[in-house]
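Dear colleague,

Here is the structure for your files. My notes on what was found follow below.

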Amino acid sequence: MICLRQNLKRLKKLLVGLAVPIGLILSGCSNGEQSADPIGTGKKMVVCTTTMIHDIGKVLAGDLLDLRGIMKAGEDPHIYELKPHDTKLIIEADLILMNGLHLEAQVGHVIEEKARGRVSRLAEDPRIVTLGSEDAAGAPDPHCWFNPEYFKIYVEKARDALSGIDPDNVETYNNRAKAYMKELDELFAWGKKVVAAIPREQRIMVTSHDAFQYFGKAFDIEVYAVAGISTEQDPAPQDRLKLETLVKERGAKALFVETSVRDALNNMIQQIAKSSGAKIGGTLYSDSLGEPGSVADTYIHMMKHNLSTLADTLK
Ligand SMILES: [Zn+2]
């Protein structure tokens, strides 16, 4: 279908004198799908894969670029299936900001195959020392954003990638990144204080999938999970039994469910809690932020929610 957008410049000239909202007219040519540049601003398009990375995009470039997020709140990046519109965004993006380390399993393959613009994998950096997983034959653990020091590296890499496609605004990206990284330092300091108030022997965190190793290392909490670093496969019965024994032997006070994983994994956590006599300590946000306006609608809010939930339950 030949879209009016293709004649945008000519159309803009025509409409200047008519004061007709261009966005309204253009919205009629997209069959309900968003076009890549719906208001014809000529802004470069940046596509972010996960909600955590979309948050970085909003902080650094929200008003300056045409920013798009692929995954919405509550979606699981390990098993997210691309929609046709996502593929269009991947093809048309000037820049894609993604986690990498195989977090975005299917999405990552399509980006490798189809992206025409630049791609920045924010977790793939020599300064980030990746952790492995016992049950994934040494595959790197992709959940690096849970260490605020590593999340600052994400911010730096995003800042540099944005500056690369939009050199006119380098100073703004630098200033915003600097201010945001200061907020992340404050978050980290606050979080360490909150965790320090939990007696050391009670700092045991048991969750649905193994997303919190970097978090545990950063905040000095022991971390265990019923499923591995990906959510794709069900855990083996012996792994479940091992976890149940551990919860009993160590006297773990509580287990935690997660917002973005399959019900089957959260159900297993419920069952282990029941059979071991521990309680469900609450819901943690692992691989996705919460809905806009929720307690976890930004990275900083999400971290504060998780840390407060743990401290309130384990103290
Ligand atoms: Zn995960």
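The second largest pocket has a volume of about 260 Å³. A pocket here is an open set of points on a 1 Å grid over the protein atoms alone, where a 1.4 Å probe fits, with protein on both sides within 12 Å along at least five of seven lines; lining residues have an atom within 4 Å of a point. The volume is the space filled by probe spheres set on the points, which are joined across faces, edges and corners.

This is a predicted model: local features need pLDDT of at least 70 and side-chain atom pairs pLDDT 80 or more, while totals for chains, interfaces and linings use all residues. Residues are numbered from 1 along each chain as its sequence is written, and side-chain values use heavy atoms, without hydrogens or water.

Of the 15 lining residues, Thr51, His54, Lys58, Gly290 and Pro292 lie nearest the pocket centre. Both domain 1 (4–188) and domain 2 (198–314) contribute to the lining, so the pocket lies between them; the bounds come from an automatic or database domain assignment.

The zinc ion has as protein donors His78 (NE2), His143 (NE2), His209 (NE2) and Asp287 (OD), 1.9 to 2.0 Å away. Donors are N, O and S atoms within 2.8 Å of the metal (3.2 Å for Na, K and Ca); water is not among the atoms, so sites may look incomplete. The angles among the four donor atoms are 92 to 122°, and the site is tetrahedral (four donors, all angles between 85 and 135 degrees). In sequence the spacing is H-x64-H-x65-H-x77-D. Both His78 and His209 are buried (under 20% relative accessible area, 1.4 Å probe, protein chains only).

Regards

Note on methods
Four donors count as tetrahedral if all angles lie between 85 and 135 degrees; four count as square planar and six as octahedral if opposite donors are over 155 degrees apart and all others between 65 and 115; anything else is irregular. Buried means under 20% relative accessible area, exposed over 50%, partly exposed in between (1.4 Å probe, protein chains only).
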